[in-house]
Amino acid sequence: MNRITLDINKALGTITKEQVYAQASQAEAANRKLENGTGKGNDFLGWLHLPSSISEADMAGIQATAADFRTHCEVIVVVGIGGSYLGAKAVIDALSGSFDYLENKKPVVLYAGHNIGEDYLYELSNYLKDKSWGIINISKSGTTTEPALAFRILKKQLEDSAGKEIARKRIVAVTDKARGALRTLAGKEGYPTYVIPDNVGGRFSVLTPVGLLPIAVAGIDIKQLIAGAVAMEAATGSNVLFHDNIAAIYAATRNELYKSGKKIEILANFTPKLHYVAEWWKQLYGESEGKENKGLFTAAVDFTTDLHSMGQWIQEGERSIFETVISIAKPQYKTTIPQDEQDLDGLNYLAGKRVDEVNKMAELGTQLAHVDGGVPNIKITLPELNAYYLGQLLYFFEKACGISGYLLGVNPFDQPGVEAYKKNMFALLNKPGY
Ligand code: PA5
């Protein structure tokens with residue numbers, strides 16, 4: 001198996017396979033609309049062929065900047081919010097050791113500008129005090145309040161501690177090619193910059209320098225990530241028939257479930273490192289489809305952890321949900337359960353088995369229980385959790401999101417609703433003009 005797989009069999013019951021496959025021509029048409037640029041939001045389709053169009057030179061440039069950061073910095077602070085940080089965090093968390101941050105593995109990647117927590121910023125500044133560090137400041141618009149605020153504070157701290165000359169070399173800006181306050185500032189200060197293409201929206205930008213630079217700084221093989229995405233770009237192209245196209249089938253299945261009354265999609269994993277992949281996915285689908293008073297609500301759970309909290313609701317609460325599970329076929333490492341002479345915990349029946357065997361039975365048991373409880377189940381399997389398959393997964397979700405949004409009849413590439421809170425906040429803060 002060299003590709004991730006999709007299994008919708010356990011989603012059938014609430015809806016039928018015929019209903020899903022009846023969407024074939026519409027889903028294929030939606031895919032063609034993406035390809036031909038004839039659908040809503042067609043000025044934001046730059047993500048479609050990012051994987052196959054990134055050049056070796058582009059990747060080498062990103063890797064060189066990353067290598068420079070890795071040589072000179074113990075800590076890198078990635079400043080950004082929403083689509084400008086979630087993709088990087090999703091990949092870095094998924095592919096790093098769970099306890100790397102406690103060891104002397106350099107550089108440590110930290111985040112700022114994704115909240116306005118005063119204590120968070122204070123504690124971050126404090127942590128950075130005796131470190132050599134740098135900033136990757138990411139904002140497409142260059143005007144978003146949260147990252148702008150964090151950057152203003154961190155820039156001053158870096159300049160005060162390392163001096164202006166060194167600070168200029170340790171700050172990279174990733175932003176629009178011409179517009180916005182960050183572009184202007186980068187020009188004035190002489191920061192190295194990377195461009196976020198005009199036609200790529202934040203939540204679809206993980207395979208641009210927005211995601212690739214921090215991911216490379218974390219020491220992850222971006223070439224493998226891109227290679228996986230290239231494979232999925234080909235496997236979900238508009239020339240691929242519906243029944244062979246897992247992105248189209250996923251899009252059609254979730255839309256049929258939505259029409260049948262399932263209003264919430266829960267993305268579940270049994271691998272703790274995938275927590276932020278789910279956060280990235282939540283934004284991708286929530287922001288793309290939640291408009292015009294419609295769209296699935298996207299939620300996420302980490303299993304088995306959350307089976308001990310949300311498990312009750314999922315099993316027996318209002319029957320308005322379905323579940324999409326990301327399953328990893330093979331763990332990276334091997335841990336075997338030991339025999340215990342006393343067996344006071346009664347676990348000797350598991351002795352000699354791998355921990356993953358228990359996890360897999362928990363996964364299967366959960367699937368059967370939830371399906372029995374009226375929760376349709378879609379399963380996505382990655383052969384292993386590595387950069388190649390993660391690249392496939394990211395592109396799979398992006399492509400399915402485009403198709404799904406068109407099936408729903410919305411523009412999946414705008415986000416008019418996110419402005420409402422900003423207007424109120426600016427007026428309350430007496431920002432000139434509000
Ligand atoms: O997906 C989106 O468009 C948003 O999440 C943006 O990425 C987020 O608001 C940050 O915007 P910007 O990169 O302009 O600072």
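Two strands are taken to pair if DSSP finds at least two bridges between them. In this predicted model, 5 bridges join strand E2 to strand E3, and the two run parallel. Within that pairing, Val77 stands opposite Leu110 in E3.

**Overall form**

- The protein chain holds 17 helices and 10 strands.
- Its radius of gyration is 23 Å, close to the 22 Å that the globule rule gives for 434 residues, so the chain is as compact as a globular protein of that length.
- Along the principal axes, the C-alpha atoms of the protein chain fill a box of roughly 65 × 60 × 45 Å.
- Of the 434 residues in the protein chain, 50% are buried.
- The protein chain exposes about 19700 Å², and carbon and sulfur atoms supply 53% of that area.
- Among contacts between residues at least 6 apart in sequence, 79% join residues at least 24 apart.

- Strand E2 (residues 75-79) is largely enclosed by the rest of the structure, because 5 of its 5 residues are buried.
- Val75, Val77 and Val79 point one way from E2, while Ile76 and Val78 point the other way, and all are buried.
- Strand E7 (residues 264-269) is mostly covered, with 5 of its 6 residues buried.
- E7 is joined by 6 bridges to strand E8 (residues 297-302), and these two strands run parallel.
- Within this second pairing, Leu267 has Ala300 in E8 as its bridge partner.

- Helix H5 (residues 86-95) has 8 of its 10 residues buried, so the helix is largely enclosed by the rest of the structure.
- The buried residues of H5 are Leu86, Gly87, Ala88, Lys89, Ala90, Val91, Ile92 and Ala94.
- Their cover includes strand E3 (108-112), together with helices H10 (209-217), H11 (222-235), H13 (275-289) and H16 (387-408).
- Lys89 lies in H5 and counts as buried because its relative accessibility is 14%, where the limit for buried is under 20%.
- Leaving aside neighbours within four places in sequence, Lys89 is in contact with Tyr111 and Tyr276.

**Val210 in helix H10**

- Val210 lies in helix H10 and, at 2% relative accessibility, counts as buried.
- Not counting residues up to four places away in sequence, Val210 touches Gly83, Ser84, Ala88, Ile138, Val174, Ile196 and Ser205.
- Val210 and Gln19 are 191 residues apart in sequence, and their C-alpha atoms are 38 Å apart in space.

**Aromatic rings**

- A pair of aromatic rings is described by the distance of the centres and the angle of the planes.
- The count of aromatic pairs in this model comes to 19.
- The ring centres of Tyr21 and Phe242 are 5.2 Å apart and their planes stand at 90°, so this pair is edge-to-face; planes over 60 degrees apart count as such.
- This pair links distant parts of the chain, 221 residues apart: Tyr21 is in helix H1 (residues 17-21), and Phe242 is in the loop between H11 and helix H12 (246-259).
- Tyr21 is partly exposed, with a relative accessible area of 30%, whereas Phe242 counts as buried at 2% relative accessibility.
- Tyr388 and Tyr389 form another edge-to-face pair, with 5.3 Å from centre to centre and 70° between the planes.
- Within that pair, Tyr388 counts as partly exposed at 22% relative accessibility, whereas Tyr389 counts as buried at 9%.
- One aromatic cluster is formed by Tyr250, Trp280, Trp281, Tyr285, Phe396 and Phe397.

**Charges over rings**

- The charged end of Lys33 sits over the ring of Tyr406, at 5.2 Å from the ring centre.
- Lys263 has its charged end over the ring of Tyr258, at 4.4 Å from the centre of that ring.

Note on methods:
Residues are numbered from 1 along each chain as its sequence is written. This is a predicted model: local features need pLDDT of at least 70, side-chain atom pairs count only at pLDDT 80 or more; totals for chains, interfaces and linings use all residues. Side-chain values use heavy atoms; hydrogens and water are left out. Buried means under 20% relative accessible area, exposed over 50%, partly exposed in between (1.4 Å probe, protein chains only). Helices (H or I, at least four residues) and strands (E, at least two) are DSSP runs, numbered from the N terminus. Contact means heavy atoms within 4.5 Å. Rings of Phe, Tyr and Trp (its six-membered ring) pair if their centres lie within 6.5 Å; planes under 30 degrees apart count as stacked, over 60 as edge-to-face and the rest as tilted. A charge sits over a ring if NZ of Lys or CZ of Arg is within 6 Å of the ring centre and within 35 degrees of the ring normal. The radius of gyration is taken over C-alpha atoms; the globule rule is 2.2 Å times the number of residues to the power 0.38. Accessible areas come from the Shrake-Rupley method with a 1.4 Å probe; for residues, only the protein chains shown count as cover.
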